[in-house]
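Hi everyone, thanks for coming. Today I'd like to walk you through the aromatic rings in one structure, so let's bring it up.

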Amino acid sequence: MTKHAQQIAAHGIHVGLDTPALTKSLTNHLTFTVGKDSVTATERDWFYATAYMTRDRLIERWMDTMRSYYNRDAKRVYYLSMEFLMGRTLMNSLHNLSFEPECRQALKNLGVDLSKMREVEHDAALGNGGLGRLAACFLDSMATLGLPGYGYGIRYEYGMFSQHVEDGRQVEHPDNWLRYGNPWEFPRPEVLYQVKFGGNVVQFSDEKGALRHHWVDTEDVMAMAYDTPIPGYGTNTVNNMRLWAAKASRDFELKYFNEGNYIKAVEDKNESENLSKVLYPDDSTAMGRELRLRQQFFFVSASLQDILYRFCKSHDGFEELPDKVAIQLNDTHPAIAIPELMRILVDIHHLEWDKAWDLTTRTFSYTNHTLMSEALETWPVAQFEKLLPRHLQIIYEINHHFMKDVMHRFPGDSDMLRRMSIIDEGGGRKIRMAHLAIVGSHKVNGVARIHSELMKQTIFADFHRHSPTKIINMTNGITPRRWLNQANPQLSALITSRIGNGWLKDLKLLKSLIPLAEDAQFRAEFAAVKRANKEHFAAVLRQKLNIALDVDSLFDVQIKRIHEYKRQLLNVLHVITLYNRICNNRGEDNVPRTVIFAGKAAPGYAMAKLIIKLINDVADIVNNDMRVDGLLKVVFLPNYGVSLAEDIIPAADLSEQISTAGTEASGTGNMKLALNGALTIGTLDGANIEIGNEVGEDNIFIFGLNTDQVAKLRASGYKSMDYYRDNEELREVLDMISSGYFSQEEPGRFQPIVDNLLAHNDHYLLLADYASYIACQKRVKAAYSDPHEWVRKAILNVANMGEFSSDRTILQYAEQIWHAQPVPV
């Protein structure tokens, strides 16, 4: 048993962690919970037995944690997020509870291989990308640090779609992640809250003459809680993630049932429960947009009712609410929580407006994740009026008070009033949810230094002028427990063998590796781990996709959501450039390279889906051209998610972080890849800048325009056609795409891509950055040609990633925004 396991046992937790106790628990659960014996048990049966055995060891800590919070009347942090991209839970729990070796041995004694059995677990893909994965890392860090933190979201029946690639095109299939049940969750049918929609608002004066509002004639949906324990690493703390599922207020209409109209009898039930059916319905239709707004209010309303129920159990009145409750809004999706809390305080509990507003603003804080004005969420006033009529009135009142304040501070500046108003009066009245979130929060944070500064200088400059201390920076981070210890056990073991395992809770201890970058023996061991990871990844691809990879080649990786601003297309332009150089025998590209793409495009995003098709068509030509002779291979991996990332990231040599400067708020994939020893090629965007500052400019490959240069180029009148005319290689690449070289059966297939770059003036400046990117890739090739120097740079990347732990991020949130303290369990 590990030292930590012994410590836990010494504290009186009676669920054994030694191998004999685990073996007994496994066989008991296989028999009495799963209902199988070892003769007929499948790998899935053994997975469930192992999950239930692990869950047993979480529950007692979970109960102790909740009791500790109640007994100490601790200030609690509530993280509201539409997404939680949790991935698989089993190995994370075993590692965090520190009994993975004992569990592996117990299963081995029973003839079961943990490494194979864990593959049975389905990813809980309740998120789209960085936003949801950040939320998952934050929950891990809050538990590890002993902070009383709760996650609130939606228990989507179908997660992010399962991406298949058919004839090179993305095809979406339902992600039925609950098909075999979820052993980690606890249904709470007794935790049920009513959520209202529609109806109308009745105004009346009470007996004291005060104006009151009553929201009546509503259609109601019930929100039922499902709880999942979130264990910290090396601690007894186990926090809670509570997800809401929509339930009908009644199962069926008996009248219709008795008449034989069975479809009509369950119509309302089905319509109500559609609310939590799918993550991010297609919002290209009016019905999809309405469902999305309903989802947002559904989980926010249920969460606030739950938060206030918990608060009121221990407190009379609401005076202490901001001292005991901190609510973090992860992007604008939960921003409707601000008027909803005001409705509860004013309409139900009859607080005076000013008092309720003071409590509300001191309770909420908001994280912004985008600088692109077109990506800031807005909702038509008419839609709000239909679905949430009382909330629209409250938003108008909030805006009225705020506009008066702005007018008093900046008299005569009507343009400023128009720009800062929560209501956008131009081109159809809309509610600006980011403005609502800023006005209703005491702190607003960006997620990288440059992002936070650009918030102050560009999209939220007026708000910064109005409240100079409100916008602050909280650079994102990642949990090293999942993204190094779990994803890359060989590198984790190598690091621990040299500096101990303290880095798992204090990532800055990795700096002790810096001298080892000059140690030939350590460099050799580090290189051997990287090669083993590449071999493992190659074996996975060979088995699952029948794709063969050359593990001696440079693994050049771009894994992220497919979006034009992330510029997967720029990567493709480089691939075609390399292909042309190889085919033209220019003799300089003699470093074999495997370019690996993975990521999903939103179902309604036609251009992103066309880029996926281009990647696959280019791969088909490049990979089958005899002239290439193993020097270049292109691979698009379908259905990117957390588990696939855990295979790719440890094997990566080069990390592509090539967004247009000023578009990526932070990025966390850049951190995960660098932590695992991949070198970054990137622009001065998001957290790339801070990564470069930490690892040193000699150990990162930076290219392209910076944010100031981007702004100046656009202001001076950017003409993409000039770059096309002036660069022969670029012109050749675009002409090949346009002429149908990669789509001979349909020559015009990719013309919209070329038109975007030339006729529509290349909004994300790919052509402006092309030459710099190609030159930078040449420097990458030269560096990779010197294996010893490359490994030295890779070690220095790992050693200097301590700043990017989500533990550091959460500690800053706790100190500067939430004012919350750890609670020992």
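**Aromatic pairs and their neighbours**

The structure holds 23 aromatic pairs, and please keep in mind that this is a predicted model. I've picked two of the pairs to show you.

Let's begin with Y78 and Y152. Their ring centres are 5.8 Å apart and the planes meet at 35°, so this pair counts as tilted; the stacked class would need planes under 30 degrees apart. Where do Y78 and Y152 sit in the chain? Y78 belongs to strand β1, residues 76–80, while Y152 belongs to strand β4, residues 149–154.

On to the second pair, F703 and Y773. Here the centres lie 4.9 Å apart with the planes at 40°, so this one is tilted as well. F703 is in the loop between β24 (701–702) and α29 (707–716), and Y773 is in helix α33 (residues 766–784), so the pair ties together parts 70 residues apart in sequence. F703 and Y773 are both buried.

Now back to Y78 and Y152 for a moment, because ring pairs link them with Y150, Y193 and W244 into a cluster.

Finally, a look at charges over rings. R44 lies over the face of Y180, 3.7 Å from the ring centre. Over the face of W483 we find K672, at 4.7 Å from the ring centre.

That's my tour, and I'm happy to take questions!

Technical notes:
Residues are numbered from 1 along each chain as its sequence is written. This is a predicted model: local features need pLDDT of at least 70, side-chain atom pairs count only at pLDDT 80 or more; totals for chains, interfaces and linings use all residues. Side-chain values use heavy atoms; hydrogens and water are left out. Rings of Phe, Tyr and Trp (its six-membered ring) pair if their centres lie within 6.5 Å; planes under 30 degrees apart count as stacked, over 60 as edge-to-face and the rest as tilted. Helices (H or I, at least four residues) and strands (E, at least two) are DSSP runs, numbered from the N terminus. Buried means under 20% relative accessible area, exposed over 50%, partly exposed in between (1.4 Å probe, protein chains only). A charge sits over a ring if NZ of Lys or CZ of Arg is within 6 Å of the ring centre and within 35 degrees of the ring normal.
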